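Dear colleague,

Here is the structure I said I would pass on. Please look through it first, and then read my notes on contacts and helix packing below.

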Amino acid sequence: MVYLSLLMAIRFLGLFIVMPLLSLYALSLNGANAFNVGVAMGAYALSQVFLQIPFGRWADNYDKKKILITGLSLLFLGSIVCAFSTDIYMLIFGRLLQGAGAIGGVILAYIADLTDENTRAKSFAKMGQFIALSFALSMVLGPTVGAKWGVDKLFLLTALLALFSIWLVTKKIPNPPKIVHHQAKATLKEVLTHRELLKLFFSGFMQKGLMTVFFMITPIVFTKNLGWDKMDLWKVYIPALIIGIFALPLGAILAEKKEKGKLVFILSAGLITISLFLYSIENIISDFLAVIIFFFGFNMLEPVLQSFVSKVARANQKATALSTSNTIQYLGIFLGGAGAGIFMKYNLLNLFLILSAIIGILWIIALIKMKPVKKFKIVEYKNFDKDFIEELKTEKNVYDFYEKDGILIVRYF
């Protein structure tokens, strides 16, 4: 599981590492304005929105390793295009190409296939911690390496990491087990009408969308409004990183060990919403606090978000639900950057922050009504027949079941 978690973290690092300085870098390119800079910030995610589910479906029908290599190859090519961009439109194309390798859902499904019911939540939580650590690392490397040697070097670093990831897939990641579902395959409509899944999807949308907003406006606010040099941005990112690190184990322990997952979601949403109000005050203290509080709330949710999607989704919904969750998160990343860009173009950033905070309040209210995720009783059957499977389909105390390498696994309420 470590290698798959590392693979996911590397992909997110490719997204995160340029974010602290990308808005300033993009503004320096030919043809740039606030709106198309916002598009460049979120273009990576736009490709993901359209291709997450297709990649997931291809992985269900073809060799998952080949699908992973295809996606990582696109990340490599897109990073090279971004590194040598001379105008904003070439950068946008490179970002779209980076995101075209939409293999996040494939990796999640791979982890689900390789783990059992007792270890899956821990594996997803560990993967979330890897992602959050890559996020933290990007807050150090982005403003320091990017400011000293240029953002183009960060894109070249991403290209090298993509090549390293391809090596990981070919040499270190095992082949997936054989999974058989005895229930009808879930439709996208079924997943999108599941109330509890929708609350988790919306949480991912808000968390990732506002991440783009903060990465877009923070360097602009601190350099243009407060007069900082871009080399000084580490002074806000490093404290946010240090404090945010404590949120990683806190979120995982509360959600997985203490079974307080609902509380983690509410706390995260509350902190993120408070940070939006603080940023709208417009002074150095409130702006500084806004960044720190936001990243604490972001990191608290990151280790548990996909784990809870996996828990709530039934076995026949899991792959579709995880791909849909990723799709909605990337939609949030794109709309966050594009939306902030439009409002900034017309000098209405404060209005955007206040509107986002109001949506944040609605998010908190929705989470208060969220049902706590219950623990299931898990039973494995080595000996079973078709009649037993048919009986399971009608039993009211059965949540779901599936067959893995010849063993029937049943989750009971």
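To begin with a contact between a charge and a ring, the charged end of Arg314 sits over the ring of Tyr399, 4.1 Å from its centre, where a charge counts as over a ring if NZ of Lys or CZ of Arg is within 6 Å of the ring centre and within 35 degrees of the ring normal. Arg411 is likewise placed over the face of Phe376, at 4.6 Å from the ring centre.

Please bear in mind that this is a predicted model, in which local features need pLDDT of at least 70 and side-chain atom pairs count only at pLDDT 80 or more, while totals for chains, interfaces and linings use all residues. Residues are numbered from 1 along each chain as its sequence is written, and side-chain values use heavy atoms, with hydrogens and water left out.

Turning to ring against ring, a search of the whole structure gives 18 aromatic pairs, a pair being rings of Phe, Tyr and Trp (its six-membered ring) whose centres lie within 6.5 Å, with planes under 30 degrees apart counted as stacked, over 60 as edge-to-face and the rest as tilted. Among them is the pair of Phe12 and Tyr330, which is stacked because the ring centres are 6.3 Å apart and the planes stand at 15°. Phe12 belongs to helix α1 (residues 2-16) and Tyr330 to helix α16 (residues 318-345), so this pair ties together parts that are 318 residues apart in sequence; helices here are DSSP runs (H or I, at least four residues), as strands are (E, at least two), numbered from the N terminus. Both Phe12 and Tyr330 are buried, a word that stands for under 20% relative accessible area, with exposed meaning over 50% and partly exposed in between (1.4 Å probe, protein chains only).

Phe202 and Phe205 form another stacked pair, with 6.1 Å from centre to centre and 15° between the planes. These two residues both lie in helix α10, 3 residues apart, about one turn of the helix, and they are partly exposed, Phe202 with a relative accessible area of 29% and Phe205 with 23%. Elsewhere, ring pairs link Phe214, Phe215, Tyr237, Tyr279, Phe294, Phe295 and Phe298 into a cluster.

The search of the whole structure finds 6 salt bridges, each defined as a side-chain nitrogen of Lys or Arg within 4 Å of a carboxyl oxygen of Asp or Glu. One of them joins Glu196 to Lys199, with the closest N and O atoms 3.3 Å apart; both residues are in helix α10 (residues 195-225), 3 residues apart, about one turn of the helix, and both are buried. Another joins Lys208 to Glu302, with 2.8 Å between the closest N and O atoms. This second pair links distant parts of the chain, with Lys208 in helix α10 and Glu302 in the loop between α14 (284-301) and α15 (305-312), 94 residues apart. Lys208 and Glu302 are buried as well. A further bridge runs between Lys153 and Asp152, whose closest N and O atoms are 3.1 Å apart; here Lys153 is partly exposed at 37% relative accessibility, and Asp152 is partly exposed at 22%.

As for helix packing, α10 and helix α13 (residues 261-279) pack at an angle of about 30° with their axes 11 Å apart, the axes being lines fitted to C-alpha atoms, for helices over the stretch in contact, and the angles running from 0 to 180 degrees between N-to-C directions. That makes α10 roughly parallel to α13, since angles under 35 degrees count as roughly parallel, over 145 as roughly antiparallel, 65 to 115 as roughly perpendicular and the rest as oblique. The axes of α1 and helix α6 (residues 104-114) come within 10 Å and cross at roughly 165°, and these two helices are therefore roughly antiparallel to each other.

Two backbone details remain. Glu259, in the loop between α12 (247-257) and α13, has a positive phi of about 55° although it is not a glycine, and its relative accessible area of 47% makes it partly exposed. Asn347, in the loop between α16 and α17 (349-368), also has a positive phi, near 55°, in a residue other than glycine, and counts as exposed at 72% relative accessibility.
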